[in-house]
Amino acid sequence: QRRGSIASSPLPPSPSPSPSLSASPSPSPSPSLPPSLLGHHWDLLVARVCTLGVVVVAFPVATFALYGLGVERELVSHWLSILFVGGLLSSFTTALWPLPSLRGWTQYERASSVTNFFLTVSCLTHLTWELGWLLFNQFILSHQYSPWTYIWWAYIEGGDSRYGRASSDLYMMELLSVLNGMVGLYGLFRANTSKERSNQTAPPSGGRDVLGIPLCMATAVVHLYSTFLYYGGEILEGLPNVTTEDPVDLWV
């Protein structure tokens, strides 16, 4: 009977959790900045290296075909243009591919990765091809048939003959592009670099440097202005500096 009374007696109520230990509502997630250029997605890295590598390798291969093998200049420039545009467009879309490591990405993350990569390639172009033309345009223009200057003449001969004259307007436009490339790369670095911050950082920043986003936005504004000026003025004048009879020169 004693055992039965003990078994049937109700258990003492468990102590209620202390208010200090009770689960507090989790804070709302802070808005995250766009994914980094490559992150830790090796398949995306391989895809971008392969597609953008076509662009990088195309120039020395085209130079060797022209000056080493004696292939016709127009044929070389046509194939160089096709490989260049095809490689660039393919590399810009890699974040949209059905890669295994990207299956969990949202549309926002994919679009952000595309934007990051496009801006990076654009800024690097400003600081390589365009900066080289700014610094050495006199040497480039006086050595049209040198293999060291073919990387510029391939575009001058078919894409835009304005680079073969180095006018003051074009020079200032390219100077603006180079400065814009510097600002853009710095903005990308600030936006994609995580930093451990103390209470000095506001919670919405998520521990990251939020100055990078406005810098990238400012870069986009300058891109929009220079693009309208570059193409709009040429189109309104009837494309006098483009070989309109050749569809590759005109459209590619």
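**Entry 1: helix H7**

I began with what covers the buried residues of H7, and the cover includes helix H4 (107–142), helix H5 (150–156) and H6. I noted that I am working with a predicted model.

Next I listed the buried residues themselves. In H7 they are Gly212, Leu215, Cys216, Thr219, His223, Ser226, Tyr230 and Glu234. I took buried to mean under 20% relative accessible area.

Then I checked the span of H7. The helix has 25 residues and reaches 36 Å from its first C-alpha to its last. That is close to the 36 Å expected at 1.5 Å a residue. After H7 I found Gly238, with a positive phi near 90°.

**Entry 2: the second largest pocket**

I looked up the volume of the second largest pocket: about 200 Å³. Which helices give two or more residues to its lining? I found helix H6 (168–192) and helix H7 (212–236).

I wrote down the lining residues, among them Arg162, Arg165, Asp169, Glu234 and Glu237. Leu170, Met173 and Leu229 also line this pocket. By class I got 3 nonpolar, 3 polar and 5 charged residues. I marked Glu234 in my notes: it is buried in H7, and it lines the pocket.

**Entry 3: the whole protein**

I found 8 helices and 0 strands. From the N terminus on, the order reads α-α-α-α-α-α-α-α.

Of the 252 residues, 35% are buried. I also looked at contacts with a separation of 6 or more: 69% of them join residues 24 or more positions apart. The accessible surface comes to about 16,100 Å². Carbon and sulfur atoms hold 69% of that surface.

Note on methods: Residues are numbered from 1 along each chain as its sequence is written. This is a predicted model: local features need pLDDT of at least 70, side-chain atom pairs count only at pLDDT 80 or more; totals for chains, interfaces and linings use all residues. Side-chain values use heavy atoms; hydrogens and water are left out. On a 1 Å grid over the protein atoms alone, a cavity is a set of points where a 1.4 Å probe fits but cannot get out, and a pocket is an open set with protein on both sides within 12 Å along at least five of seven lines; lining residues have an atom within 4 Å of a point. Grid points are joined across faces, edges and corners, and a volume is the space filled by probe spheres set on the points. Helices (H or I, at least four residues) and strands (E, at least two) are DSSP runs, numbered from the N terminus. Ala, Val, Leu, Ile, Met, Phe, Trp, Tyr, Cys and Pro count as nonpolar, Asp, Glu, Lys and Arg as charged, and the others, Gly among them, as polar. The expected span of a helix is 1.5 Å times one less than its number of residues. Buried means under 20% relative accessible area, exposed over 50%, partly exposed in between (1.4 Å probe, protein chains only). Contact means heavy atoms within 4.5 Å. Accessible areas come from the Shrake-Rupley method with a 1.4 Å probe; for residues, only the protein chains shown count as cover.
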